Each structure stands twice: as structure tokens, then as C-alpha cells.
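Subject: Structure handover and notes

Hello,

Here is the structure I promised to pass on. Please look it over first, then read the notes below it.

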Amino acid sequence: MILGIETSCDETAVAVVREGVDVRSNIVHSQVDLHAPYGGVVPEVAGRSHMDRILPLYRLALEEARISESDITAVACTNRPGLIGCLLVGLSVAKTIALVLDVPLIGVDHLQAHVHAAFMTRPALPLPLLSLVASGGHTNLYLVARPGHAQRLGRTRDDAAGEALDKAAAMLGLGYPGGPHLERVARAGNPDAYPFKRTMLGKDSLDFSFSGTKTALLYQLRGPGLEREMPELSSKEVADYAASYQEAVMDTLVRKLGRAVEQSSARSIAIGGGVACNQRLRDMLSGDPRLAELDAVFPPMSLCSDNAAMIAGLGYVRLSEGRVDDLALEAFAR
Ligand code: KG4
Ligand code: ZN
């Protein structure tokens, strides 16, 4: 019965997971309303909010799981990567609980945990698994030959996919975070209205780059030298821009996954991170002939966006491997 704690960015999350897969509670408090006025996560505001919320969430997670503190066998906590002032809040609480209950403490890598969410959904996935983690801070491709041990094949060289969506949504006057708003508006738009370039980098590259697509949208709106003010857009234009832009970002992700399948021996495929909530991405994955042959796993939204169940799940693997930490465990921003 592992207690998971996640405070690496702007979600305070506590979960209880039994034997690595049985999610007994998965409580997430999103700070999105706090940060929305700033159009992005403000680290100090985030850290203070984690402080406010984490202990009540801990109580709630135990209550929902119908367990008492004495049932907890270990505490797993994200200790990298993330905003350092945020990580420290979760890690301090995790250490305190581990100390008081005299149970093992396990430091967990947030990105490896996103990958691991696939195995919590389908424990017996055919290996190796090809996994895409696309969020506001990261866009990484992994190959997993052994659960809990993802090997990175590619990463973004500039903006993360979610960041590129968030910035485009801001340009189009949509809300924060932009991904879900863009998706909603895009449903009424034409994805071929504006053919934004897909940046594929070198012939075999599995890295990503989204800054060119983002700049293309900016230039499309304000001219190549930014000579125009931001134009007043009709709702039809906003929908067309949203649909075309979303299409370019998702198509790039899918093409890279296709490339990765050709280069690897992958037998299954999974997506994680907030961008994995996107239905258009899921549809495109199912429609790609190279990917359709693989066993595909789309973890539920509750395991895709930031959560502590995935932290507890990977913590269980680490505990089984005997890889536990002591109270000197540090937090790392990168
Ligand atoms: O993994 P996540 O919840 O937090 C981290 O960044 O770690 O991911 C948040 C990102 C944001 O950029 C958000 O715009 C994007 O995921 N996102 C989406 C959708 N829901 C969240 N992007 C596209 N479509 C969605 N439905
Ligand atoms: Zn994340």
C-alpha cells in the first residue's frame, strides 16, 4: 500500500496504490485558476499553494482509500525534475511521513512515472513499449524493455508540445492552459485552412522542435516582421487557426512516433502527459498504419495528466527492486 506524493509543478497530488496497479485513491488539486491570470505557472505561487494543500489532501487520500496511516508500507515522492521550490514541499512532507511511520522513502522521476502509467493501465503490455510523454514542460520519446526503466530516444530541442499549444492559444485569445481550449475551439475549424510546416529535423532524428510552428502562427497573424498589431479575428478564423495549428503539432508527434517504430523493435505504444488527453491525437494514432499494428494503450485522463498514482505505481516497482532511498534524498530541478 504505497502513498504517492507529487508536487513538481502546479498540481498538488496525493494517491494510495495497492501492489502497483490498484488505485485506491488519486486526489489532484490543480492550481490552474491561481496561475491563469499570469498566463503561466508562477513558481513561488505554486510552492506556497502546495504548502497550503498538501496535508488536507493527504488526509483525503487516506480517507478515500479507506485506510489508516498504519496501512502505508512505503512513501513514494517525485524528487525530479520540476520547480525546485515545489519539489521541496512534497519531498519534505514525504520524508516526514516516512520518518514518523518508519516506512521506506522512494524518490521517483516524474517523467519515468508518466511512462509507467501505461503499465498501470495494462500490466502485461508486449515489450518493448514505445512511449511518448508530452506535457507543458516536456516532449520525450522512450523505449521501455523493462517496466520502470525507460530509455530516452528523443526530446524537444525548444518548446514542449503543450507549451507550443499554450502559447498559440494565448495568441488566439483563448484561455490558459491552452491545450484543452484549443482542442474545443478546433472542433469547429478546418485543419487544412493554414498548412503549418511540420518540423521533422534530420532524416532519422527522433527529437522534436515546435518553435518554428509557433513562430509561423505569429507571423501569419502579425506579418513576417511583426509589422501588424494582433488582428481582430472572427470566431471562424480562430477555429481555423486552432484546428490547423493543433493538426500540425499532433501530426508532428504522430510522424515522429511512426519514425520511432521503424527504428525500433517496439511491439506496443503508449502516450502520457497532459497532451495525451487530446482526442485528435488519439484519433490520429489509431489512424496511422504503422502505429495501428502495435498494441496501443491510452491511459485514462486521470493517469495522463499530473497525478500521484503514477508516482506510487513506479514507487512499487522501485520497492520491489529494493531501490529505496534514505532521508538524505535530494530534489533536482533537472
Ligand atoms: O502533464 P501536464 O498535466 O503537466 C505538466 O506540464 O507536467 O500537462 C499540461 C499540458 C499543458 O500544456 C496543457 O495545455 C496540455 O498539457 N493539455 C492538452 C490537453 N489537456 C492538457 N493539450 C492538448 N489537448 C488537451 N486536451
Ligand atoms: Zn507531468
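Predicted model: local features only at pLDDT ≥ 70, side-chain atom pairs only at ≥ 80, totals over all residues.

Residues are numbered from 1 along each chain as its sequence is written, chains are lettered from A and ligands numbered from 1 in the order in which they are written, and side-chain values use heavy atoms, leaving out hydrogens and water.

Five strands form an open sheet in the order 3-2-1-4-5, with mixed pairing. Strand 3 (22-30) and strand 5 (105-109) are at the edges with a single partner strand each, so one side of each has no neighbour in the sheet. From one strand to the next the twist averages 20°. Helices (H or I, at least four residues) and strands (E, at least two) are DSSP runs numbered from the N terminus, and two strands pair if DSSP finds at least two bridges between them.

Strand 1 (residues 2-6) and strand 2 (residues 11-18) run antiparallel and are joined by 5 bridges. Ile5 stands opposite Val14 in strand 2.

Helix 3 (residues 84-101) lies across strand 1, strand 4 (74-80) and strand 5, at about 160° to strand 4. Helix 4 (residues 110-121) lies across strand 1, strand 2, strand 3, strand 4 and strand 5, at about 95° to strand 5. Here contact means heavy atoms within 4.5 Å; axes are lines fitted to C-alpha atoms, for helices over the stretch in contact, and angles run from 0 to 180 degrees between N-to-C directions.

Ligand 1

There are 19 residues around ligand 1 (a heavy atom within 4 Å), and Gly136, Asp166, Gly179, Glu183 and Gly274 come nearest.

- A polar backbone atom of Gly179 is 2.9 Å from an oxygen atom of ligand 1.
- An N or O atom in the side chain of Glu183 is 2.7 Å from a nitrogen atom of ligand 1.
- A polar side-chain atom of Asn278 is 3.0 Å from a nitrogen atom of ligand 1.

Taken alone, ligand 1 exposes 550 Å², of which the protein buries 88% (Shrake-Rupley method, 1.4 Å probe; for residues, only the protein chains shown count as cover).

Strand 9

In strand 9 (residues 268-272), 5 of 5 residues are buried (buried is under 20% relative accessible area, exposed over 50%, partly exposed in between; 1.4 Å probe, protein chains only). Ser268, Ala270 and Gly272 are on one side, with Ile269 and Ile271 on the other. Strand 9 pairs in the parallel sense with strand 6 (residues 129-134) over 5 bridges, and Val133 stands opposite Gly272. Strand 10 (residues 295-297) also runs parallel to strand 9, joined by 3 bridges.

Backbone points

Most residues other than glycine have a negative phi, and most peptide bonds are trans. The Leu127 to Pro128 bond is cis, with omega near 0°, and a cis bond also joins Tyr176 and Pro177, with omega about -10°. Glu19 has a positive phi near 50° and is partly exposed at 47% relative accessible area. Asp102 has a positive phi of about 55° and is exposed at 68%.

Regards

Methods. Polar contact = N/O pair within 3.5 Å; in protein donor to acceptor, adjacent residues only side chain to side chain.
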